[in-house]
Amino acid sequence: MRTVDIRVPATSANLGPGFDALGLALSLYDEVEAALTEEPGVHVAVEGEGAGEVDLGEGHLIVKTMRETFARMGVAQPEGIRLRCRNSIPHARGLGSSSAAVCAGILAARALSGAEFPDDEVFALATEIEGHPDNVAPCLAGGLTVAWFDHTGSPRMVKLTPDELIRPVALIPSARLATETARGLLPKDVPHKDASFNAGRAALLIAALTQRPERQLLFAATEDRLHQHYRAPAMQASADLVERLRAVGVPAVVSGAGPTVLAFSTSDTQDLIAPEVGNDWHIQLMDVDPVGANVQFPETR
């Protein structure tokens with residue numbers, strides 16, 4: 001029985017103005033031990049987030065992703081699959097839990113099969129399964145990523161290294177929100193002035209995160225006019241928290257599709273965050289994960 005260990009980070013997409021393009025890898029992880037067995041069937045054990053909730057058979061997202069990856073690589077489906085999942089990434093909170101599962105499944109299938117499957121094809125398949133590249137890009141590569149589709153419709157990404165002073169803080173509510181619900185609130189068209197505004201802020205955000213992590217720049221750079229206010233009715237508590245934090249000068253945004261709020265803690269804002277949060281939120285202090293998904297065989301650990 002061959003076994004592989006996969007560690008995949010949480011991610012935060014959009015970061016305010018970078019809708020469907022920017023993503024950040026965070027130091028919060030799901031760990032998966034995957035094995036192919038001669039015993040037929042699927043056996044899944046889950047600890048932590050999702051325990052008692054997710055499918056423990058063929059319907060598990062990692063299992064479905066592994067099956068799709070074997071098929072894409074032209075590899076015969078194994079007799080059996082065994083997974084042990086230790087999850088720390090909250091589900092349906094805007095921290096990339098599904099992207100982490102998809103990336104784990106693809107990397108596990110590639111590692112266990114030994115088949116040739118280049119990194120760009122891993123990224124393409126992860127994007128296809130997830131539906132968009134903004135979370136899978138930082139999950140796979142780590143750091144800060146810019147993702148887009150080229151003229152052929154293929155996903156592409158560039159990895160950047162955030163300044164070492166960047167300290168993300170995730171403010172996680174107990175409530176959940178499906179990405180599909182949040183996307184359903186977005187209009188088909190937006191005003192040109194809002195698109196222009198976000199283009200400038202997204203460019204400024206890259207500069208602030210990688211070179212000038214100053215409170216004033218991060219605050220201006222995290223302004224958004226394309227998605228957050230449209231989605232506010234589905235997560236009013238998150239929208240209100242973002243407004244309260246920004247009112248005291250904290251650079252804060254909705255993480256991905258929400259409802260988690262992501263704030264950037266600087267030396268002059270770290271004491272301003274907790275008083276605005278209250279008891280209904282879990283404050284998770286994190287670093288930027290620099291490497292992304294990690295694959296190891298137990299014998300080489």
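This is a predicted model: local features need pLDDT of at least 70, side-chain atom pairs count only at pLDDT 80 or more; totals for chains, interfaces and linings use all residues.

Student: Okay, is Cys139 buried or exposed?

Tutor: The cut-off for buried is under 20%. Cys139 has a relative accessibility of 0%, so Cys139 is buried.

Student: How many disulfides does a search of the whole structure find?

Tutor: For a disulfide, two cysteine sulfur atoms have to sit within 2.5 Å. The cysteine sulfur nearest to that of Cys139 belongs to Cys103, 3.8 Å away, and Cys139 is in no disulfide. For Cys85, the nearest one is that of Cys139, at 14 Å. Searching the whole structure gives a count of zero.

Student: Which residues touch the most other members of the largest nonpolar core?

Tutor: That core has 61 residues. Helix H2, residues 97–113, supplies the largest share of them, with 11 residues. The ones touching the most other members are Met66 and Leu83.

Student: Which residues is Leu83 in contact with, leaving aside neighbours within four places in sequence?

Tutor: A contact here needs heavy atoms within 4.5 Å. With those sequence neighbours set aside, the partners of Leu83 are Val32, Glu33, Ala34, His43, Val44, Ala45, His60, Ile62, Val63 and Met66.

Student: Where is Asn14, and is it buried or exposed?

Tutor: Asn14 sits in the loop between strand E1 (2–13) and strand E2 (22–37). Its phi is near 75°, a positive value in a residue other than glycine. Most residues other than glycine have a negative phi. With a relative accessible area of 2%, Asn14 is buried.

Student: And what is the relative accessible area of Ala92?

Tutor: Ala92 is not a glycine either, and has a positive phi of about 55°. Its place is the loop between strand E4 (80–87) and H2. Ala92 counts as partly exposed, because its relative accessible area is 30%.

Notes. Residues are numbered from 1 along each chain as its sequence is written. Side-chain values use heavy atoms; hydrogens and water are left out. A nonpolar core is a set of buried Ala, Val, Leu, Ile, Met, Phe, Trp, Tyr and Cys residues joined through side-chain atoms within 4.5 Å. Buried means under 20% relative accessible area, exposed over 50%, partly exposed in between (1.4 Å probe, protein chains only). Helices (H or I, at least four residues) and strands (E, at least two) are DSSP runs, numbered from the N terminus.
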